[in-house]
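Here's a quick tour for anyone meeting this structure for the first time. Have a look at the picture, then follow the notes by topic.

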Amino acid sequence: MKIKIDRPINIEIKHMTRVEGHGDIKIRVENGKLAECVWKIVETPRFFEVMFKGLPIEMAPILASRICGICSISHALASARAIENAMQIEIPEAAQKARVLAKHAETLQSHTLHLFFLIAPDFLNALSVIHVIKSNQRLVELAAMIKGFANNASDLFAGRTTHPVVIKIGGLTQVPRKKQLRELAKDLNVTIPYLWEALDVFKKFELPDFTRETEFVSLKGGDCYPFIGGDLVSSDGVRKKEDEYLAMTNEYLVDFSTSKFTRLSRESFAVGALARFSNNYDLLHPKAKEVAGMLNIKPGDFNPFFHNLAQLVECFHVIYESKDMIAELIDSDTSEFSIPYKPEQCEGVGVVEAPRGILYHYYRLNKDGKIEEADCVIPTSQNHANIYYDLQSFVEKLIAQGKGEEEIGHLAQMLVRAYDPCISCSVH
Amino acid sequence: MKYLGITLERPKIGIFDFTGCEGCQLQIANNEASLKDLFGLVEIVNFREISSERRDDYEIAFVEGSITTDSETARLKKIRKQAKILVAMGACACSGGVNNLRSRFSLPETIKEVYGEHHIDSGPVRKLKDIVPVDIELPGCPVSKNEFEWLVRNLVLGITPQFPTYPVCVECKQRLNSCVVDMGMICLGPITRGGCNAVCPRNRFGCWGCRGPSDEVNFESLMEIHIKRGFSEEQVVERINFFNTFSGIFK
């Protein structure tokens with residue numbers, strides 16, 4: 001007679017590694033059943049909504065960028081856009097284009113950081129990118145060259161990679177000179193083949209097989225894949241205007257997290273590259289669609305590990321679209337990049353697609369141009385509930401497969417990492 | 001590692017974060033071209049944001065963020081006990097940075113505004129040296145990636161780093177930038193120490209003082225040049241208080 005022994009499993013991971021910010025995982029299995037499984041957010045809050053109060057509006061994008069060390073450009077853009085929407089001003093076309101290019105540079109550098117530095121070590125059996133240098137030096141070289149280009153592009157369009165300096169209310173402090181644009185275009189052409197070479201490496205990574213159907217929330221593009229402004233959409237059929245964001249987020253508090261959680265049509269929803277990809281597939285650049293085909297990823301795929309594939313697809317989208325947009329900018333009149341404004345009593349919402357998903361900023365201003373109230377809803381806080389429920393379902397599946405403690409702990413961390421969580425940002 | 005026949009130490013370093021955005025430590029990973037060299041020059045034994053290796057035998061600790069809870073205080077003290085050299089990295093660690101902006105409001109008021117009646121563990125914003133001795137302060141929001149590497153080179157060679165004490169204006173003039181004050185902006189360049197290569201004025205954006213005071217600070221003249229150009233005293237004061245880097249010397 002065979003006796004089945006169900007060893008208890010106790011996993012406690014404090015301050016999980018290779019993610020931005022501080023999160024813990026706790027998993028307890030008793031008698032072969034999942035007794036406890038928590039994705040715990042232990043980041044200390046900074047209270048940004050309070051910090052904004054009483055400041056002049058000019059300070060808003062500068063302070064907003066400090067919410068996040070990785071997606072500071074997105075925060076500055078959402079903040080400026082919210083105040084511009086509130087005052088009902090439209091920034092000049094050259095500034096609109098340069099802002100999208102700053103956004104693309106950020107998306108490329110953020111996705112590259114995540115794919116090469118944070119998740120690749122899991123698939124190459126290494127503890128970190130420092131260890132990957134020894135085993136797969138070429139991959140680290142490719143990462144350095146792709147990310148190097150993205151950082152140069154950020155410097156050019158945002159003034160700096162982290163905490164941009166050119167994004168201001170009414171437009172930008174400057175747009176790059178034509179000569180700089182032509183040089184960047186050359187660098188871009190050199191970078192594209194590196195991305196294709198990296199694709200060959202990522203194609204070979206074997207992603208865990210796991211699916212839990214969810215709701216995808218993102219911006220909905222009109223005539224292009226969305227990054228700045230537009231309608232809010234969910235794959236369960238909800239569609240709202242930018243200023244109706246509260247109907248999409250429905251924040252609530254849980255006792256194991258300093259970040260708020262969110263819900264919409266079901267217990268959780270997901271934002272980020274996979275949600276954008278799924279809701280806007282038709283608007284991707286043809287080269288990006290080609291890559292999606294090679295990676296075998298389709299709209300409506302719910303495997304959370306595919307988030308990383310969608311990021312890779314988006315790397316191709318942003319680099320090819322940047323190529324076209326830089327050419328357009330070189331051929332257009334860029335002498336107007338800022339417009340004057342007059343503060344008034346008003347309120348407004350600005351929405352952008354940050355690398356990790358849809359990001360909302362709201363401000364109420366008084367007639368002296370001071371901020372009276374602020375609200376920021378962060379992509380990762382919208383993903384926490386989805387990570388939480390995914391983790392339970394995934395671990396139950398792993399238990400049923402008879403996996404041991406060490407493997408469950410490792411795979412659970414890989415699942416969380418797949419979302420590219422930005423935890424400091426989610427708590428802000 | 002050998003240099004001109006002399007064996008150099010390869011110090012073990014740890015990188016740690018508290019209440020902040022983690023943008024400073026990201027600068028370390030952002031210097032792609034020299035990343036490999038850096039990993040050769042020092043041994044990184046603890047860098048949670050990018051590595052799953054976590055050893056506690058570090059000699060130099062780079063610490064980012066402010067301290068806002070008791071558990072952070074305890075963790076910082078543990079790091080101090082282990083590290084021979086502790087570097088406060090960035091404005092949040094050196095002066096509290098933008099975190100201090102919430103100190104204009106009471107703590108219960110602050111928590112209530114964001115979390116309602118929900119219990120949240122948080123205390124006043126403190127800079128590292130409010131709690132433990134700090135050996136070196138690497139200024140900026142964020143820190144400059146070049147300056148970080150310059151500091152590491154100094155530490156490896158056993159040289160006490162000498163940070164610039166001249167104002168941002170010196171580097172701004174060296175880069176032949178047009179003066180942003182003359183362009184109608186507030187700029188704290190005249191009172192803020194250099195070392196950032198005037199990255200903000202270079203991009204037609206006045207200095208915000210994230211690196212703290214230069215050696216000779218003249219608030220009266222700074223105020224005068226701005227008031228002459230139509231700004232109010234309140235506007236200049238708001239700017240000086242933004243990163244909390246002038247606290248103690250500006251009242």
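This is a predicted model: local features need pLDDT of at least 70, side-chain atom pairs count only at pLDDT 80 or more; totals for chains, interfaces and linings use all residues.

**Chain B as a whole**

- Chain B is built from ten helices and seven strands.
- Its C-alpha trace stretches over about 60 × 55 × 30 Å along the principal axes.
- Why does a radius of gyration of 20 Å fit chain B? Because a compact globule of 251 residues would come out near 18 Å, and the value for chain B agrees with that.
- As for what's inside, 48% of the 251 residues in chain B count as buried.
- Among contacts in chain B with a separation of 6 or more, 73% are between residues 24 or more positions apart.

**Helix α5 of chain B**

- Helix α5 of chain B covers residues 107-115, and its buried residues are B:T110, B:I111 and B:V114.
- Look down the axis of α5(B) and those buried residues fall within an arc of 95°, so they line one face of the helix.
- On the face turned away from that buried side you'll find B:P108 and B:E109, which are exposed.
- Part of the cover over the buried residues of α5(B) comes from the other chain: it includes α1 (48-51) of chain A.

- B:P142 sits in the loop between β7 (136-138) and α6 (145-157) of chain B.
- Is B:A74 buried or exposed? B:A74 is exposed, because it has 10 other C-beta atoms within 10 Å.
- B:A74 and B:I131 are 57 residues apart in sequence, yet 9.7 Å separates them in space, C-alpha to C-alpha.

**Where the two chains meet**

- Chain A puts 46 residues into the contact, and chain B puts in 48 residues.
- On the side of chain A that touches chain B, the elements giving two or more residues are α1, α2 (60-65), α4 (93-123), α5 (129-135) and α6 (137-158) of chain A.
- The largest share of that side of chain A, four residues, belongs to α6(A).
- Sorted by class, the side of chain A that touches chain B holds 21 nonpolar, 18 polar and seven charged residues.

**Two loop residues in chain A**

- A:F47 has a positive phi, near 65°, and is a residue other than glycine.
- You'll find A:F47 in the loop between β3 (33-41) and α1 of chain A.
- A:F47 counts as buried because it has 25 C-beta neighbours inside 10 Å.
- A:N250 has a positive phi as well, near 40°, and is also a residue other than glycine.
- The loop holding A:N250 runs between α8 (246-249) and β9 (269-270) of chain A.
- With 14 other C-beta atoms within 10 Å, A:N250 is partly exposed.

**A sheet in chain A and the helix on it**

- Three strands of chain A make an open sheet in the order β10-β11-β12, with antiparallel pairing.
- β10 (346-354) and β12 (371-377) of chain A are at the edges with a single partner strand each, so one side of each has no neighbour in the sheet.
- From one strand to the next, the twist averages 15°.
- Nine bridges pair β10(A) with β11 (residues 357-365) of chain A in the antiparallel sense.
- Within that sheet, A:V352 has A:L359 in β11(A) as its bridge partner.
- Helix α12 (residues 379-400) of chain A packs on the sheet and touches β10, β11 and β12 of chain A.
- The direction of α12(A) makes about 130° with that of β11(A).
- β11(A) and β12(A) run antiparallel too, joined by six bridges.
- A:R364 stands opposite A:E373, which is in β12(A).
- β11(A) and β12(A) form a hairpin with five residues between them, and A:G369 in the turn has a positive phi of about 75°.

Notes:
Residues are numbered from 1 along each chain as its sequence is written. Chains are lettered from A and ligands numbered from 1 in the order in which they are written. The radius of gyration is taken over C-alpha atoms; the globule rule is 2.2 Å times the number of residues to the power 0.38. A residue is buried if 20 or more other C-beta atoms lie within 10 Å of its own, exposed if 12 or fewer, and partly exposed in between; C-beta atoms are placed from the backbone. Two residues are in contact if their C-beta atoms, placed from the backbone, lie within 7 Å. The arc is that of the directions from the helix axis to the C-beta atoms. Ala, Val, Leu, Ile, Met, Phe, Trp, Tyr, Cys and Pro count as nonpolar, Asp, Glu, Lys and Arg as charged, and the others, Gly among them, as polar. Two strands pair if DSSP finds at least two bridges between them. Axes are lines fitted to C-alpha atoms, for helices over the stretch in contact, and angles run from 0 to 180 degrees between N-to-C directions.
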